[in-house]
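Here are a few notes on chain B, jotted down while going through the model. Have a look at the structure first, then read on.

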Amino acid sequence: MNQLKNTKGFTIVELCVSIAITAVISIMIISLTINMNLTLAQNIKYKQFNEEKIILYKELATNFSTHNITKIEQIENGFSINYSKYSLYENIDIVKTNNIYIDNGNLFIDNQKFNKTNYIEYTGIKIKKIVIPSNHNNFYLILSIEGKQDTNSFSLDIYYLNDTTNLVLPSNIEVGEI
Amino acid sequence: MVWIITQQQGMFGLMNKGFTLIETVICVVTITIIAVPLYVLTRNVLNAYNTRNSYDTVENLYDLNSVKVFLYKNYDVNILCDLIDDNSAKNTIIPLYQISNTKVTNNIYKNFSEDKEIFESLMRSMGIELLLFTSYNDILDKYPENDIVKKTKEDKELENYIKYISKDYTKNQYMYRLIARFNNGNYSSINMYRLKY
């Protein structure tokens, strides 16, 4: 009880213990706040990029994955893809072409431009042919848009699972066997 | 320094006694009581935020949509719907595909076929390690005694995701769900439906 009625102030041990406890709690809160700020800052970038990804999928996937691809040609820094879809309404094959290419870090789908930003830069377009080993007549295609996001790289893959029996492909399409 | 000052009866002659130990303890305890819940609360918010970021990402939803298209083209999805709707079987979850310790379990295509190879290569290229076909509502609650439901509840991350998507209580007897876990720990789900011939 005498110790509790200390008339001289803290001992050095008491002082050190109280400072240590307060310091530990403060450091925890400060590191958490920094962590939270970083996460929120990253989230803003992530959301902007996400919106762009949704538009890309809408522009490309609608044609690439649901129409019949009749021909793929290599053009400078990209591909030209011809699609056809039979229209029951008009009784004709509707033919479409998408030119997808990269120019100076920007991605172009026909005339629509996806700007490179401070943290997103498009670096390549690939079409991969995944061959089923037991039957080389069977394959599916992946259209892959590649890029750099800050220091990380990313790739958006769009799958083509339609009939590929009569499809004409350029010889330099990357072949990946499974 | 403070200790020296108190020994010398204060810098300005005001600190004659200094704090007692009980005052110091009360002060530290008060700071701790305020700071610890603040820390715990913030930590929980951050964890919940990071978890939600791994649910239903744009790429994962698109990949799962490709699987959906593949199944409708190459498989009779109504077989799966019948298994869910058969009340005597008491199923709400049907595992379609799973990789555990490099062992592949494929319940869609058990025998060798071209479709099986394409399906498995798709799963590999998309990085899907678990694919489930489930009822739309009451996935975990309708038949809690079912072995697959019990096994699902043991996987806390999967259970949390199912609880998260089950918050949508739109009742539709023709709707089902396709749920996937990807090898980066992400989860995604997409609606399925019964085909009417």
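1. A working definition before the contacts come up: two residues are in contact here if their C-beta atoms, placed from the backbone, lie within 7 Å. Keep in mind that this is a predicted model.

2. Now the helix pair. H3(B) and H5(B) touch through Asp63(B), Val67(B), Phe70(B) and Asn74(B) on the H3(B) side, and through Asp115(B), Phe119(B), Leu122(B) and Met126(B) on the H5(B) side. Sorted by class, that contact has 5 nonpolar, 1 polar and 2 charged residues.

3. How do the two helices sit? H3 (residues 58-74) and H5 (residues 114-126) of chain B pack at about 175 degrees, their axes 11 Å apart. Angles over 145 degrees count as roughly antiparallel, so H3(B) is roughly antiparallel to H5(B).

4. On to the sheet: 5 strands of chain B make an open, antiparallel sheet, ordered E2-E1-E3-E4-E5. E2 (103-106) and E5 (187-193) of chain B are the edge strands, each with a single partner, so one side of each has no neighbour in the sheet. From one strand to the next, the twist averages 15 degrees.

5. One to click on: Met175(B) has Tyr193(B) in E5(B) as its bridge partner. H3(B) comes back here, lying across E4 and E5 of chain B at about 35 degrees to E5(B).

6. For the overall picture, chain B has 7 helices and 5 strands, running α-α-α-α-β-β-α-β-α-α-β-β from the N terminus. Of its 197 residues, 24% count as buried.

Note on methods. Residues numbered from 1 in each chain as written. Chains lettered and ligands numbered in written order. Predicted model: local features only at pLDDT ≥ 70, side-chain atom pairs only at ≥ 80, totals over all residues. Helix = DSSP H or I, 4+ residues; strand = E, 2+ residues; numbered from the N terminus. Buried ≥ 20, exposed ≤ 12 C-beta atoms within 10 Å, placed from the backbone. Axes fitted to C-alpha atoms, helices over the stretch in contact; angles between N-to-C directions. Parallel < 35°, antiparallel > 145°, perpendicular 65-115°, else oblique. Nonpolar A, V, L, I, M, F, W, Y, C, P; charged D, E, K, R; others polar. Pairing = 2+ DSSP bridges.
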